[in-house]
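Here is a quick tour for anyone meeting this structure for the first time. Take a look, and then we'll start with a single aromatic residue.

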Amino acid sequence: MGLLLVSETRLLLLAAFGWCLGDVFAIGEEGSEFTFLLQPGKSDCFFQRAIENGTMEVEYQVIGGAGMDVDFTILNPEGIPVVAETRRSDGVHVVETTVEGDYQICFDNSFSHFSEKMVFFELYVEGEREDVDGHEDWAGLEEMDENVLQYKLEDIREYMDSVHKRLERSRQMQTVLRAFEARDRNLLEDNLWRVSFWSCASVLVMLCVAFTQVYSVRKLFDDKQSVRT
């Protein structure tokens, strides 16, 4: 009897882990990240579907291009601006209690006529999901023997959901740090090119000045008049 109870317990834990893992990856959260090239004098908009009473978080960074700045706007499904920023290099915005519909996320580079911008942004949407089938499965497990249900399956499920959310946040932070690194690298390479260019120009100017001075001094001591004896 004891061996049978242990086997049933292990099977129950494996089943709980499987159901939790299946639900964890479909808990109503959606994350996306994009890196694109914004042409000078143009604007690009992206559309994201949101549910009612959800949360949408947008984080963006300009990682390449002169000035490192763009205009940023979030429009709700009615076309009303929810967030509007001008000439910013980065930003983080959270839209609470969203309405159902398509939100527009726009990046504008119309103020720049020559410089293109490389923009990275990450989108994170969270909302409640109706999971009728999943609850029915868990309800079926509750009808099993009371000695087996001592492990509190609902607590296990909530714990797995919490772990998944934290792992997702960690992945987002790593992506943001990579974007910061890419922006710093582009800025460093741009500054390196400028330093190298002006250093070479300064060396050429110094060589020209030195050659001119040597030539002028030699001309002063160059006496071409003939001496009669």
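At 38% relative accessibility, Phe 34 counts as partly exposed; buried means under 20% relative accessible area, exposed over 50%, and partly exposed in between (1.4 Å probe, protein chains only). Phe 46 is partly exposed too, with a relative accessible area of 24%. Phe 107 and Phe 121, on the other hand, are both buried.

Before going on, a word on the source: this is a predicted model, where local features need pLDDT of at least 70, side-chain atom pairs count only at pLDDT 80 or more, and totals for chains, interfaces and linings use all residues. Residues are numbered from 1 along each chain as its sequence is written, and side-chain values use heavy atoms, with hydrogens and water left out.

Back to the rings. Rings of Phe, Tyr and Trp (its six-membered ring) pair if their centres lie within 6.5 Å; planes under 30 degrees apart count as stacked, over 60 as edge-to-face and the rest as tilted. By that rule there are 13 aromatic pairs, and two of them go like this:

| Pair | Centre to centre | Angle between planes | Type |
|---|---|---|---|
| Phe 34 and Phe 46 | 5.9 Å | 25° | stacked |
| Phe 107 and Phe 121 | 5.2 Å | 40° | tilted |

Phe 34 sits in strand S1 and Phe 46 in strand S2, so their pair ties together parts twelve residues apart in sequence. Likewise, Phe 107 is in strand S7 and Phe 121 in strand S8, so that pair links parts 14 residues apart.

Now for the wider picture. The protein has three helices and eight strands, taken from DSSP runs (helices H or I, at least four residues; strands E, at least two) and numbered from the N terminus. An open sheet of four strands runs in the order S2-S7-S4-S5, with antiparallel pairing; two strands pair if DSSP finds at least two bridges between them. S4 and S7 are joined by five bridges, and Asp 71 has Asp 108 in S7 as its bridge partner.

What about the core? A nonpolar core is a set of buried Ala, Val, Leu, Ile, Met, Phe, Trp, Tyr and Cys residues joined through side-chain atoms within 4.5 Å. The largest one has 20 residues, and Phe 72 and Phe 107 are among those that touch the most other members.
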